[in-house]
Amino acid sequence: MQTVPKLIDPFARAITYLRVSVTDRCDFRCVYCMSENMTFLPKKELLTLEELDRICTLFISQGIEKIRITGGEPLVRRGIMEFFKSQSRHLASGALKELTLTTNGSQLRKYATELASIGVKRINVSLDTLDTQKFADITRWGRLAQVLDGIDAALEAGLRVKINTVALKGFNEDELDHLVTWCASRDMDLTFIEVMPMGDIGNEDRIDQYWPLSDLRKRLSETYTLIDTDENTGGPARYVRLEETNQKIGFITPLTHNFCESCNRVRLTCTGELYQCLGQEDQIDLRSVLRANPNDDAPIIQALHGAIAKKPKGHDFDYSRNELGGQMSRHMSHTGG
Ligand code: SAM
Ligand code: SF4
């Protein structure tokens, strides 16, 4: 029997997908995401693992079918595997169809087998370059060998891996073919992301990093036959299949593409703010509702419905006048990418 989604927004969109940032911390300092000297939140500001479990469970009771755990780096949060194990009960019951995560890959050697054993089937790993020095430059603190070993561990554990690559002008343009063939040789799909204006990241000039995916796609079509697919996950990704490799290639173009009409998702930050839209500042504070009602779920469920009732129609990032018109003041690592 098909479950009827219970969270419906004012534009008749069913909200079935929750992205949850479990920490603002990370063991990397990617130049487009963080500044080198980040001040992270004090621990008491973060939702505890028990609070995260409770809120996710309540969301699932209201029709959320897919949860993606992100951050910061989700796998550096202490005790995170306890949270995954606990949430896996909803996979077992069938209420949750998918539990997944987005990770920088650094901790996968440690956790991949356990993730697979509790029912995680697919993961996204972010990787912008296959060059050791460039990897060290872009992540500031990361080591490529460790991430590649983590990806191997995930594949050995039977997880499907999708690589997410931020398209950066003058940085990974020359690696397009190598990234595609490297992923194909491991039976991994690949999604390119356009760089977004998020938070204060120090001295980097983000407009200078902007490489439109329309251009990337054109370059790809000089080597491969791109077959459009009508796959739509309700988010900003569009997919093609490469005839030559049978690989799925995604394009996430939040700045240049209007995808809002099919939006099915909301985002929970590590401090319990629920953002109805990645590109808008509107949010509600679920943490205070949670903490005020330790034994009563009804006010929390009411707050969830209240938030969905205010989900905006669309977002308003704007690079069009070559200025950061729609820049968001918060970091992606806080909201969860
Ligand atoms: N640490 C994990 C990771 O790197 O996969 C999860 C969190 S990270 C914020 C999620 C995704 O957001 C990554 O794929 C990262 O490349 C992407 N990201 C971060 N800052 C971005 C930006 N300014 N524009 C576009 N993508 C960004
Ligand atoms: Fe960390 Fe991910 Fe941000 Fe890189 S993109 S600094 S790995 S949170």
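How many nonpolar, polar and charged residues are in the lining of the second largest pocket? Keep that in mind as you read these points on the model, which is a predicted one.

1. Let's start with the pocket. The lining of the second largest pocket has six nonpolar, two polar and six charged residues. The pocket holds about 330 Å³ of space. Its lining counts 14 residues, and the closest to the centre are Arg25, Lys43, Leu46, Arg77 and Arg78.

2. Leu213, Leu216 and Leu220 are its buried residues. Looking down the axis of H8, you would see the buried residues fall within an arc of 55°, so they line one face of the helix. Ser214 and Lys218, on the other side of H8, are exposed. The cover over the buried residues of H8 includes helix H6 (176–185) and several strands, among them E5 (160–167) and E8 (237–242).

3. Finally, have a look at two backbone angles. Most residues other than glycine have a negative phi. Ala12, however, is not a glycine and has a positive phi of about 65°. Ala12 sits in the segment before strand E1 (17–21) and is exposed, at a relative accessible area of 65%. Arg140 also has a positive phi, near 60°. Arg140 belongs to the loop between helix H4 (132–139) and helix H5 (144–156), and is partly exposed, with a relative accessible area of 22%.

Note on methods. Residues numbered from 1 in each chain as written. Chains lettered and ligands numbered in written order. Predicted model: local features only at pLDDT ≥ 70, side-chain atom pairs only at ≥ 80, totals over all residues. Heavy atoms only, no water. 1 Å grid on protein atoms, 1.4 Å probe; cavity = no way out; pocket = protein on both sides within 12 Å on 5 of 7 lines; lining within 4 Å. Points joined across faces, edges and corners; volume = space filled by probe spheres on them. Nonpolar A, V, L, I, M, F, W, Y, C, P; charged D, E, K, R; others polar. Buried < 20%, exposed > 50% of the residue type's maximum accessible area, 1.4 Å probe, protein only. Helix = DSSP H or I, 4+ residues; strand = E, 2+ residues; numbered from the N terminus. Arc of directions from axis to C-beta. Contact = heavy atoms within 4.5 Å.
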